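Me: Could you take a close look at the disulfides here, and tell me where they sit and what they tie together?

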Amino acid sequence: MTMSTVPTATKSIPLAATTSTSESNATETTSSPTIQPEEKPASGSYTVKSGPVTCILANMGLQLNVTQQTPIITNFNPNNTVASGNCGKTTSVLQLSDGNTEVDFLFAVKNSTSSEKFYLKGVNITVVDSSNATFSASNHTLNNWETTMGNSYLCRKEESILVSPGYKINIFDLKIQPFEVEEGQFSAAEDCIPSGDNFFVPLLMAVALVGLVWLVVMAYCTKIRHRAGYRQI
């Protein structure tokens, strides 16, 4: 297991002093009241090995958002976060622990009509507060980050996963590969933003540029016509 080297401070607000354990199949965010963090978490690089062989690679900024009697938002500090877990052919687990807070990512493999794909099947959250009260939540019915086996999953935008009512994680600048890592390097990435969207932005810019050129030409032609009218008079 490894620790990243990105310096940052952990942003957190203490939990309410009550113990609760919850588990839910919810997969969408709710309208529960939350507080806004001062800044997004720094991105860390995490590695899990099976013996000498790297089997999971992950880059991400991780933020925990818990809404109880008193809300809590915690940014995982890559300097303090320890990565561990286990790897298999059809299931893998990435555990990220920052002090008394732990988030487990459970990955699985499924067969599709064309090829095998991995996906995020579950997330576990465990928080132990200063009074040793344990707060936990889990969701093992997710279907996120589906990616062709042998590739990595990439998402630069913020993603939110509702683990259970009142327990949510926010993930930033994600790149992850929980299976078939070769030579300790990420394989080709499948972007969460469809390629069509990536093409659409430059297309709009090109259309806008053509429109601008057309306006300049029309303005120039109008000016020439006015001058020609003056000369005739």
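Reply:
**The disulfides in detail**

The sulfur atoms of Cys55 and Cys87 lie 1.8 Å apart, and the two residues form a disulfide, a term used here for a pair of cysteine sulfur atoms within 2.5 Å. Because Cys55 belongs to strand E3 and Cys87 to strand E5 (residues 82–87), this pair ties together parts that are 32 residues apart in sequence; helices (H or I, at least four residues) and strands (E, at least two) are DSSP runs, numbered from the N terminus. This is a predicted model, in which local features need pLDDT of at least 70 and side-chain atom pairs count only at pLDDT 80 or more, while totals for chains, interfaces and linings use all residues. Residues are numbered from 1 along each chain as its sequence is written, and side-chain values use heavy atoms, with hydrogens and water left out.

The link of Cys55 and Cys87 is right-handed, with 60 degrees about the S-S bond. Cys55 counts as buried at 11% relative accessibility, whereas Cys87, at 31%, counts as partly exposed; buried means under 20% relative accessible area, exposed over 50%, and partly exposed in between (1.4 Å probe, protein chains only).

A search of the whole structure finds two disulfides, and the other joins Cys155 to Cys192, with an S to S distance of 2.1 Å. Since Cys155 lies in strand E11 (residues 152–155) and Cys192 in the loop between strand E14 (189–191) and helix H1 (195–232), that pair ties together parts that are 37 residues apart in sequence. The link of Cys155 and Cys192 is right-handed, with 75 degrees about the S-S bond, and Cys155 is buried, its relative accessible area being 0%. With the bonded cysteines of the chain numbered in sequence order, the pairing is 1-2, 3-4.
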